[in-house]
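Subject: Structure handover

Hello,

Here is the structure I promised to pass on. Please open it first, then read my notes below.

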Amino acid sequence: MIKHILLIITFFSALVHATDDPKSDKITCVVSGDEINKKDLKDHEFSTYKDGKVYFCCGGCKMDYDETPAKFSTKANFQLVSTGQYVQSGCPVTGKSPGHSHHKKEDFKYVTVEGLSVELCCAGCLKKVNKSKDKFSMLFSDKSFKKGFDVPVKKSTKSTKSKK
């Protein structure tokens with residue numbers, strides 16, 4: 001069972017491209033919208049958010065964020081995914097994972113938001129997202145984020161002792 005769950009998580013993590021733009025080495029400050037080089041993240045201000053870090057272009061943006069983090073939660077959720085700190089674990093609309101009830105792999109649909117490919121479990125979810133006036137908020141709000149994204153599962157190292 002655990003092996004199956006790990007396989008599902010691995011499958012989803014391969015589906016989410018962890019960048020704002022697949023060709024870009026930059027992310028966006030959740031407060032100002034300014035670009036930040038991913039290579040320089042260690043040199044930037046950050047705040048702990050959920051089980052990750054949200055990065056800022058400057059100390060002023062960090063202060064604004066720390067005063068009202070809920071105001072920036074959707075953008076912060078997106079940044080967690082775009083930096084690879086979180087990966088897709090299910091459909092952000094329904095929370096369903098691959099193989100649930102009546103949906104098969106060929107039923108999965110994809111939508112691209114801000115350069116990030118997000119998998120949806122079916123055509124019904126795709127229709128809901130496409131009808132939305134704000135796809136970004138629909139897919140990365142706290143409610144959707146909780147349904148569809150999680151911290152990546154780290155690979156465990158097995159002992160290589162031989163049995164005699």
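A contact here means heavy atoms within 4.5 Å. Among contacts in the protein between residues at least 6 apart in sequence, 61% join residues at least 24 apart.

Some ground rules. This is a predicted model, where local features need pLDDT of at least 70, side-chain atom pairs count only at pLDDT 80 or more, and totals for chains, interfaces and linings use all residues. Residues are numbered from 1 along each chain as its sequence is written, and side-chain values use heavy atoms, with hydrogens and water left out.

Now the fold. The protein has six helices and eight strands. Both are DSSP runs numbered from the N terminus: helices are H or I with at least four residues, strands are E with at least two. The order along the sequence is α-β-β-β-β-α-α-β-β-β-α-α-α-β.

Strands pair if DSSP finds at least two bridges between them.

- β3 (residues 46-49) runs antiparallel to β4, joined by four bridges. F46 stands opposite Y55 in β4. Two residues lie between the strands, and K50 takes a positive phi near 50°.
- β6 (residues 109-113) runs antiparallel to β7 (residues 116-120), joined by five bridges. Y110 has E119 in β7 as its bridge partner. This hairpin also has two residues between its strands, and E114 takes a positive phi near 55°.

Next, the interior. A nonpolar core is a set of buried Ala, Val, Leu, Ile, Met, Phe, Trp, Tyr and Cys residues joined through side-chain atoms within 4.5 Å. The largest one holds 34 residues, and Y65, V111, L120, L139 and F140 touch the most other members. Elements giving two or more residues to this core include α2 (59-67), β6, β7 and α5 (135-140). α3 gives the most, four residues. Beyond its neighbours within four places in sequence, L120 has contacts that include C91, F108, V111, C125 and L139.

Last, a pocket. Which residues lie nearest the centre of the second largest pocket? They are T28, K75, F78, E114 and F136, from a lining of 12 residues. Helix α3 (residues 73-82) supplies the largest share of that lining, four residues.

Best wishes

How values were computed:
1 Å grid on protein atoms, 1.4 Å probe; cavity = no way out; pocket = protein on both sides within 12 Å on 5 of 7 lines; lining within 4 Å. Buried < 20%, exposed > 50% of the residue type's maximum accessible area, 1.4 Å probe, protein only.
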